[in-house]
Amino acid sequence: MRRSTVVVVTWRGAEHITACLDALAAQDRPHRTIVVDNASDDGSLELAANHPSRPKTVRMSRNIGYAGALAAALSQVDTPFMAWLNDDTAPAADWLGRLEDALDADPRAAAASARLESMDGVPQSTGVRLTPRGYGADVTADVTDLPEVFGFCGGAALVRTSVLTDVGGVPAEFFCYYEDTDTAWRMRLAGWTVISVPEARVRHAHGASTGIGSRQFHLWNERNRLLTLFRCAPLTVAARELIAFTATTALLPLRRLTEPAPNLRFPLRLRVLGEVLARLPSTLLARTRISARSSIPRTEIWRHWAART
């Protein structure tokens, strides 16, 4: 009777993993839970293993990031649906049921995005929109009048397991961030849609593990945006954004910013460029594989979704 497997990825999540598992244990739909621990050193795995709900626990030998852990768990999911859930969340009791019902009601949808909100109820994401520069940006308003969104927020979403597998799984090499936007791109290229289900509410201590605004956040965010574009977007868009990123980086020493924003720090941007260029051959190979699975032109998706913002 279990139709969903909820995959919780944790790394040094001892302060919040128990609350997350408590909320999962209170769900009104039966499900299986897998906790993937990224080599935590704070007892996170032990807390999960000893939880009364008895989730399956998997320990990685090293920290392979959110994307890597989801990719590792996918082969162990034997249910029609796979839920992605951050360890610093607490979903409402009807969260999973509402997501399952939404996908049942829309056979065209490959994924359903929940409503993530702060601990005091302020909305953080009800899905992902595509900006004219190719960023995957959070939609922060309920979209009940137009439930379709470009992509889902990977912090609390439900996807069709077979579709996720068919479009190439989770990009483990991303480590963290944009694994959801990249996956949504590939689902759309394969002819699927993504919907928002704001009634499925999840409280979220945003950035508890990775530190929003940190150097690593901006490194992963900028690098993975560019890699996603080269994998999924029209090649002219990807090349344009790489050139723009390079030009901005080259001009930074001339601007002499006394306190540059984290994403405008010269060494960080040089590292982003280095990592993107080093991964470009494998990324273009992945682009070829993605093209073979696609039924919708990249330009059609780009024009429809990037023009909305």
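Tutor: Contact here means heavy atoms within 4.5 Å. Keep in mind that this is a predicted model.

Student: How do I read the packing of two helices?

Tutor: Two packed helices are described by the distance between their axes and the angle between those axes. Take helix H7 (residues 215–232) and helix H9 (residues 266–293): their axes come within 8 Å and cross at roughly 30°. Angles under 35 degrees count as roughly parallel, so H7 and H9 are roughly parallel to each other. Their crossing is right-handed.

Student: Which residues of H7 and H9 meet?

Tutor: On the H7 side they include Leu-219, Leu-226 and Phe-230, and on the H9 side they include Val-272, Leu-280 and Ile-290. The residues of this contact divide into 13 nonpolar, three polar and eight charged.

Student: How do the axes of H6 and H7 cross?

Tutor: Helix H6 (residues 179–189) has an axis that comes within 10 Å of the axis of H7, and the two cross at roughly 15°. H6 is therefore roughly parallel to H7. This crossing is right-handed. Asp-182, Trp-185, Arg-186 and Leu-189 of H6 make the contact with Thr-228, Arg-231 and Cys-232 of H7. By type, the residues of the contact of H6 with H7 are three nonpolar, one polar and three charged.

Student: Now the strands. Do S2 and S3 run parallel or antiparallel?

Tutor: In a regular strand, side chains alternate between the two faces of the sheet. Strand S2 (residues 32–37) and strand S3 (residues 56–59) run parallel and are joined by four bridges. Val-35 stands opposite Thr-57 in S3.

Student: Which helix belongs with S2 and S3 in a β-α-β unit?

Tutor: Helix H2 (residues 44–49) does, and the unit is right-handed.

Note on methods. Residues numbered from 1 in each chain as written. Predicted model: local features only at pLDDT ≥ 70, side-chain atom pairs only at ≥ 80, totals over all residues. Heavy atoms only, no water. Axes fitted to C-alpha atoms, helices over the stretch in contact; angles between N-to-C directions. Parallel < 35°, antiparallel > 145°, perpendicular 65-115°, else oblique. Left-handed = near helix turned anticlockwise from the far one by under 90°. Nonpolar A, V, L, I, M, F, W, Y, C, P; charged D, E, K, R; others polar. Pairing = 2+ DSSP bridges. Right-handed = clockwise from strand over helix to strand, strands pointing away.
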